[in-house]
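Please read the points below with the sequence and the 3D view side by side. Each point takes up one topic.

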Amino acid sequence: MIIIRRMTENDLTEVKTLSVEENQIKYVGTTEEILQQSSDTNHFYVIQKNNSIIGFFIIDTTYNKKYSFAQEAELGLRAFLIDKNLQGKGLGKQAVMALIPYLKSAYKEWKSIVLTVNCKNSGAYRCYLSGGFIDIGDRYLEGPAGPQYIMRSSLK
Ligand SMILES: CC(C)(COP(=O)(O)OP(=O)(O)OC[C@H]1O[C@@H](n2cnc3c(N)ncnc32)[C@H](O)[C@@H]1OP(=O)(O)O)[C@@H](O)C(=O)NCCC(=O)NCCS
């Protein structure tokens, strides 16, 4: 069973062992770079299965201040990853499916969540789509690695 929970200090050693494939670093950065993004408004989460941490993501509560496509009372999802040794087994999709109900309960005052995903990152795009996100149709063109789809899920 997939569990989503806030990352704690005790998780740090295990989280540092997570990594993505070399050709995926352009989409999320390295784990080390991601961990440097710690702040009060970037909520770090771990994805856990059978007592092991298998993935990570950030809920950014200031995303809508940074991106014009983001709406009022909208969270941002960033740095979503499943460890490279465990990808392609349906775990990313299960994590997204668990994420939406979790956020509905943990962020009750927020209306929706949005993310961008590189148009070449078909695995991630499919993962979000099958996990419940909708492609809003617009593209975000200012990403460092090329055009990105914008995807959103209601939290209501
Ligand atoms: C994106 C990511 C989280 C997906 O996790 P995952 O566990 O590998 O994904 P799943 O096995 O649950 O697959 C989800 C869907 O994507 C598809 N998929 C997975 N890898 C794929 C690939 N390389 N190419 C095309 N489709 C792929 C699966 O077939 C599945 O589609 P379906 O629901 O239609 O059957 C993982 O690949 C990852 O960590 N990538 C690197 C970091 C990254 O790019 N994050 C996204 C930033 S926006």
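Does Cys119 count as buried, partly exposed or exposed? Cys119 counts as partly exposed, because its relative accessibility is 27%. Please keep in mind throughout that this is a predicted model.

1. Cysteines. The structure has zero disulfides. Cys119 takes part in none, and the nearest cysteine sulfur to it, that of Cys127, is 16 Å away. Seen from Cys127, the closest cysteine sulfur is in Cys119 at 16 Å, which is too far for a bond, because a disulfide needs the two sulfur atoms within 2.5 Å. Cys127 counts as buried, because its relative accessibility is 14% and buried means under 20%.

2. The largest nonpolar core. This core holds 30 residues, and those that touch the most other members are Phe57, Ile59, Leu77, Phe80, Tyr128 and Phe133. Two or more residues each come from strand 1 (2-6), strand 2 (42-49), strand 3 (52-60), strand 4 (74-82), helix 5 (91-106), strand 5 (112-118), helix 6 (122-131) and strand 7 (148-154). Helix 5 is the element that gives the most, with six residues. As background, nonpolar side chains tend to be buried together in soluble globular proteins.

3. What does Leu77 touch, if residues up to four places away in sequence are not counted? Leu77 is in contact with Phe57, Ile58, Ile59, Leu99, Ile113, Val114, Leu115, Tyr128 and Phe133.

4. Thr31. This residue lies in helix 3, which covers residues 31-35. Thr31 counts as buried, because its relative accessibility is 14%. The side chain of Thr31 reaches the backbone oxygen of Leu18 at 2.6 Å. Not counting residues up to four places away in sequence, Thr31 touches Val15, Lys16, Leu18 and Ser19.

5. The largest pocket. The space in this pocket is about 980 Å³. How many residues line the largest pocket, and which lie nearest its centre? The lining is made by 40 residues, and Val28, Phe80, Asn121, Ala124 and Tyr128 lie nearest the centre. Helix 2 (25-28), strand 4, helix 5, strand 5 and helix 6 each give two or more residues to the lining. The largest share, six residues, comes from strand 4.

6. Backbone angles. Most residues other than glycine have a negative phi. Asn51 is not a glycine, yet its phi is positive, at about 70 degrees. Asn51 is placed in the loop between strand 2 and strand 3, and it is exposed, with a relative accessible area of 69%. Ala73, also a residue other than glycine, has a positive phi near 55 degrees. Ala73 lies in the loop between helix 4 (63-66) and strand 4. At 21% relative accessibility, Ala73 counts as partly exposed, because the buried class ends under 20%.

Notes:
Residues numbered from 1 in each chain as written. Predicted model: local features only at pLDDT ≥ 70, side-chain atom pairs only at ≥ 80, totals over all residues. Heavy atoms only, no water. Buried < 20%, exposed > 50% of the residue type's maximum accessible area, 1.4 Å probe, protein only. Core = buried A, V, L, I, M, F, W, Y, C linked by side-chain atoms within 4.5 Å. Helix = DSSP H or I, 4+ residues; strand = E, 2+ residues; numbered from the N terminus. Contact = heavy atoms within 4.5 Å. Polar contact = N/O pair within 3.5 Å; in protein donor to acceptor, adjacent residues only side chain to side chain. 1 Å grid on protein atoms, 1.4 Å probe; cavity = no way out; pocket = protein on both sides within 12 Å on 5 of 7 lines; lining within 4 Å. Points joined across faces, edges and corners; volume = space filled by probe spheres on them.
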